[in-house]
Amino acid sequence: MAMRQVQVFKWIQERDGDGKLKNVRAQDGMATFHQFGAAYEEFENGAGNYAIAIIERDDGSVQQVNADMIQFTAPPAGGAHIGAEWERVSEKDASFSRLRVPTGWLVREILECAHIGNDKNEYITTGYDWRVALAFVPDPDGVWLAAQGGAA
């Protein structure tokens with residue numbers, strides 16, 4: 001499969017007309033896209049997941065950048081498509097969905113999590129958050145099709 005070229009971006013700080021600093025998205029050269037992946041950052045209340053792109057620079061160095069910091073310079077060869085929105089994998093489980101991306105699928109599961117208890121061990125709800133799992137499933141030919149009513 002042919003690798004695709006991407007324009008890479010980075011955030012820089014510039015001063016606006018009032019002299020205040022603002023973040024601006026700026027071009028950061030070209031690279032060869034290899035695949036999407038997932039990364040996480042630990043916080044006090046748990047991990048936060050986010051999508052990354054694995055790219056190769058002209059000097060041979062490999063980097064991971066946030067997925068929203070690349071732009072493909074040409075459509076994929078062979079009619080492969082990129083999904084416009086997340087689609088359910090199973091009609092029975094709305095928390096499990098996929099998104100077609102070059103060379104495969106991003107698959108996610110989103111679960112609502114209730115925080116139970118407090119410092120006095122009382123059984124009360126102290127808050128809610130969302131737990132997100134994200135994985136990349138290689139499928140360069142786009143052959144993964146969900147069976148009716150369940151995951152393939």
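Reader: Are Phe36 and Phe72 buried or exposed?

Author: Buried means under 20% relative accessible area, exposed over 50%, and partly exposed in between, with a 1.4 Å probe and protein chains only. Phe36 and Phe72 are both buried. This is a predicted model, in which local features need pLDDT of at least 70, side-chain atom pairs count only at pLDDT 80 or more, and totals for chains, interfaces and linings use all residues. Residues are numbered from 1 along each chain as its sequence is written, and side-chain values use heavy atoms, with hydrogens and water left out.

Reader: How many of the 152 residues, as a percentage, count as buried?

Author: In the protein chain, 27% of the 152 residues do.

Reader: Which elements does the protein chain have?

Author: Helices (H or I, at least four residues) and strands (E, at least two) are DSSP runs, numbered from the N terminus. The protein chain has nine strands and zero helices.

Reader: What kind of aromatic pair do Phe36 and Phe72 form?

Author: Rings of Phe, Tyr and Trp (its six-membered ring) pair if their centres lie within 6.5 Å; planes under 30 degrees apart count as stacked, over 60 as edge-to-face and the rest as tilted. The whole structure holds three aromatic pairs. Phe36 and Phe72 form an edge-to-face pair, with 6.5 Å centre to centre and 65° between the planes. Phe36 belongs to strand E2 (residues 21-43) and Phe72 to strand E5 (residues 70-72), so the pair ties together parts that are 36 residues apart in sequence.
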